[in-house]
Amino acid sequence: MREYPAMPRSFAHLSDEALVALVARSDQEALAELYDRFGRVAYGLALRVLRDEKLAEDAVQEGFLAAWRNAERYMPERAKAGTWLLTLVHRRAVDLVRREESRRAEPLPESAEPAPQDSAEDDAWLRFERERVQAALRKLPDQQREALELAYYGGFTQSELAERLGQPVGTIKSRMFAGLARLRELLAEPNGESTWKPTFTT
Amino acid sequence: METDLHDLTAAYALDALSPEEAREYEAHLARCERCRAELASFSEAAGALAYATEGPAPPPELRARILQQAQRERPNVAPLRPRWVAPVAAVAAVAACVAVGLGIWAATLSNKLDRRTKELGREEKVAAILAAPSSRSISFGRGVLVVTKSGEAALVVNHLRQPAQGKTYEAWISSGGAPKPAGTFGGGKVVTVPLEGSVRPGASVLVTVERSGGVDAPTQKPFLSVQS
């Protein structure tokens, strides 16, 4: 069996988007590098949605394999490569949680898992990014934050949310729209290094 | 109806639509430029939510499992090899097919796409050189020169400030005689340059600042010189 050691520095200089282009050419080492860059966030996300390690692993695996199969359809203009990958994993996680109805408990409290052991520089960056996004979330009006969190981490559809919160679907839609628009603004604010940049201008 | 569909962009970015609603929205997306633009930026914001989660690292077996499964699905995978011309054409062809197939992006985005495609092609070329089993690396203060056995070479320079207006960086290969032009490039955090021409053992790679478009012979003293 072939071994996949941690990559030497050879791919370190490539952008995420270039790696996806290599993945489209069936380059497994590029896939490995993408996993090394995004696997941890992807797993954290899947675990938050699914609250089950086995299922979270399945979601990450299926998401990365979806990337492997569909990399040639990735459009750099549409999303950053990392966003695209995380979207694939998130979709799998949401599909799974909708099937495992009983598991979908209250999604809000942060996962009770022990804080991760931060070992490398990458983790410092991850921690920074986590704090930045959490801070932005805290600035949202409660109802908007609730709508975003229940939808994204809870895997509820807008109709399920409407029912759960006893509100018309239109209200839920507006909260998600306003919440996401506000989050986008907050993340774009130049306090510290912003990783979000608009990829489109209208 | 169509107006209602505009409002679904946030829900779609959050994966909060039922499968039927999602299909309907995707059909709408193909017709609505405004929604495509909005979705691109909403997706980045939704994707940021992934980073707000905390949890343990994935088990180490997961990585191996994904890579093994990937290999099982597409077993005829050649390792990275030097690819000099094909990548740009291949990426461009794929991009073009997708653009035509969707009938969406072609007009407004072709310029951006071309530029991006060129960048990707360049990076791929560098990747091929960096990953070639026969490559040697020569480190210098701000980066590394990588040369394959057959003399294909890539220069990687860290933290190179953008050249002044009307100027460009130009690489040169000098094998004792007059330096030969090996490509022009701009600045950046990490600049990767596939060199044009081959770098023989003992040859030097030089970089000068020249006027935009490049020149045939260096007019400045090199600010960087690496001997292979």
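In what order do the strands of the open sheet of four strands in chain B stand? The legends below, which describe a predicted model, begin with this sheet.

**View 1. The open sheet of chain B.** Four strands of chain B follow the order β1-β2-β3-β6 and pair in the antiparallel manner. Because β1 (136-140) and β6 of chain B each have a single partner strand, they form the edges, and one side of each is left without a neighbour in the sheet. From one strand to the next, the twist averages 15°.

**View 2. Pairing of β3(B) with β6(B).** Strand β3 (residues 153-160) of chain B is joined to β6(B) by six bridges, in the antiparallel sense. Within β6(B), Pro194(B) is the residue that stands opposite Ala154(B). Chain B as a whole contains seven helices and eight strands, and 37% of its 228 residues count as buried. Of the contacts in chain B between residues at least 6 apart in sequence, 55% link residues at least 24 apart.

**View 3. The side of chain B that touches chain A.** The contact between the chains draws 61 residues from chain B and 76 residues from chain A. On the chain B side, at least two residues each are supplied by α2 (9-13), α4 (33-51), α5 (60-73), α6 (86-102), α7 (106-131) and β6 (188-194). Helix α4(B) provides the largest share, 14 residues. Sorted by class, this side of chain B comprises 39 nonpolar, nine polar and 13 charged residues.

**View 4. Packing of α6(A) against α8(A).** Helix α6 (residues 142-152) and helix α8 (residues 169-188), both of chain A, pack at an angle of about 95°, and their axes are 8 Å apart. The two helices α6(A) and α8(A) are therefore roughly perpendicular to each other. Residues of α6(A) in the contact include Ala147(A), Leu148(A) and Ala151(A), while those of α8(A) include Ile172(A), Met176(A), Leu180(A) and Leu183(A). The contact of α6(A) with α8(A) has eight nonpolar, three polar and three charged residues.

**View 5. Met176(A) and the largest nonpolar core.** The largest nonpolar core has 115 residues, and those with the most contacts inside it are Val23(A), Ala46(A), Met176(A), Leu180(A) and Leu14(B). Helix α2 (residues 28-50) of chain A gives the most to this core, with 14 residues. Beyond its neighbours within four places in sequence, Met176(A) contacts Ala147(A), Leu148(A), Ala151(A) and Gln158(A), together with Ala10(B), Ala11(B), Leu14(B) and Ala16(B). In soluble globular proteins, nonpolar side chains tend to be buried together.

Note on methods. Residues numbered from 1 in each chain as written. Chains lettered and ligands numbered in written order. Predicted model: local features only at pLDDT ≥ 70, side-chain atom pairs only at ≥ 80, totals over all residues. Axes fitted to C-alpha atoms, helices over the stretch in contact; angles between N-to-C directions. Parallel < 35°, antiparallel > 145°, perpendicular 65-115°, else oblique. Contact = placed C-beta atoms within 7 Å. Nonpolar A, V, L, I, M, F, W, Y, C, P; charged D, E, K, R; others polar. Core = buried A, V, L, I, M, F, W, Y, C linked by C-beta atoms within 7 Å. Buried ≥ 20, exposed ≤ 12 C-beta atoms within 10 Å, placed from the backbone. Pairing = 2+ DSSP bridges.
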